[in-house]
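I opened the model to look up a few residues and their surroundings. My notes follow in the order I took them.

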Amino acid sequence: MTKDCIIKPRNKPEFKDVVEVLRFLFAPSLFKGLISRLAYFIHDHIAPLSKMHIKGNPRIHPTASLRCGENICLGGNSHINYNCCVWASPNSKIIIGDNLLMGPGTKIFSSNHGSELGIPMNIQPFIEKDIVIGNDVWIGANCVVVAGVKIGDGAIIAAGSVVTKDIPPYTIAGGIPAKPLKKRE
């Protein structure tokens, strides 16, 4: 290694660091970026949250992404965790019971794009179906729940699972696609 490649750690800010901060603190790009992020947060979280049908005292993390809030019903004492997506669509609902635990990164989508040949994917009509999640359900981290699925009361979905079919009540399910593994005892 040459002498020029050795990088010494700095523990104190230098004058050039202060100049850089001041330069960007008053730059138009800072204000443009802040306004853009605020607008996205309002569009992705605040506006749908204000339209949701909410019962009781749920906890919804500020990083949760919500769509079509008017078609989302959230039960009491439920928890939508960090980086979760709960995306209803204009013609389908997501109904979530009481006492839901949703692990970080879980995604719930009540619609999907069509896949007809000859039409670009991004302009195909949605295929929309309701999702119903019962009471006292635990959906582990990074799961995906697709349109048309029903998850019964008391079910547990293992982390990383993709739920493509109904899960019976009080069943532990997991995998890709998620399958019943055993009954809760």
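I started with I139. Setting aside neighbours within four places in sequence, I find I139 in contact (heavy atoms within 4.5 Å) with L100, L101, M102, G103, T106, I133, V145, I151 and I157.

The model is predicted, so local features need pLDDT of at least 70 and side-chain atom pairs pLDDT 80 or more, while totals for chains, interfaces and linings use all residues. Residues are numbered from 1 along each chain as its sequence is written, and side-chain values use heavy atoms, with hydrogens and water left out.

Next I looked up the core. I139 is listed with I133 and I151 as having the most contacts inside the largest nonpolar core, which has 29 residues. Such a core is a set of buried Ala, Val, Leu, Ile, Met, Phe, Trp, Tyr and Cys residues joined through side-chain atoms within 4.5 Å. Buried means under 20% relative accessible area, exposed over 50%, and partly exposed in between, with a 1.4 Å probe and protein chains only. The elements giving two or more residues to this core are β4 (72–74), β7 (94–96) and β12 (131–133). Strands are DSSP runs of E, at least two residues, and helices are runs of H or I, at least four, both numbered from the N terminus.

Then I checked A173. I place A173 in strand β18, residues 171–174. A173 counts as buried because its relative accessible area is 0%. Apart from neighbours within four places in sequence, its contacts are I156, I157, A158, S161, I167, K179, P180 and L181. From A173 to S89 I note 84 residues in sequence and 26 Å in space, C-alpha to C-alpha.

S89 came up again at S111. S111 lies in strand β10, residues 111–113, and is buried at 19% relative accessible area. Beyond four places in sequence, S111 is in contact with S89, F126, I127, E128 and A147.

How many disulfides does the structure hold? I count 0, a disulfide being a pair of cysteine sulfur atoms within 2.5 Å. C84 is in no disulfide either, with the nearest cysteine sulfur, that of C85, 7.7 Å away. C84 is buried at 1% relative accessibility, whereas C73 is partly exposed at 25%.

Last, I looked at V18. V18 lies in helix α1, residues 15–25, and is partly exposed, with a relative accessible area of 41%.
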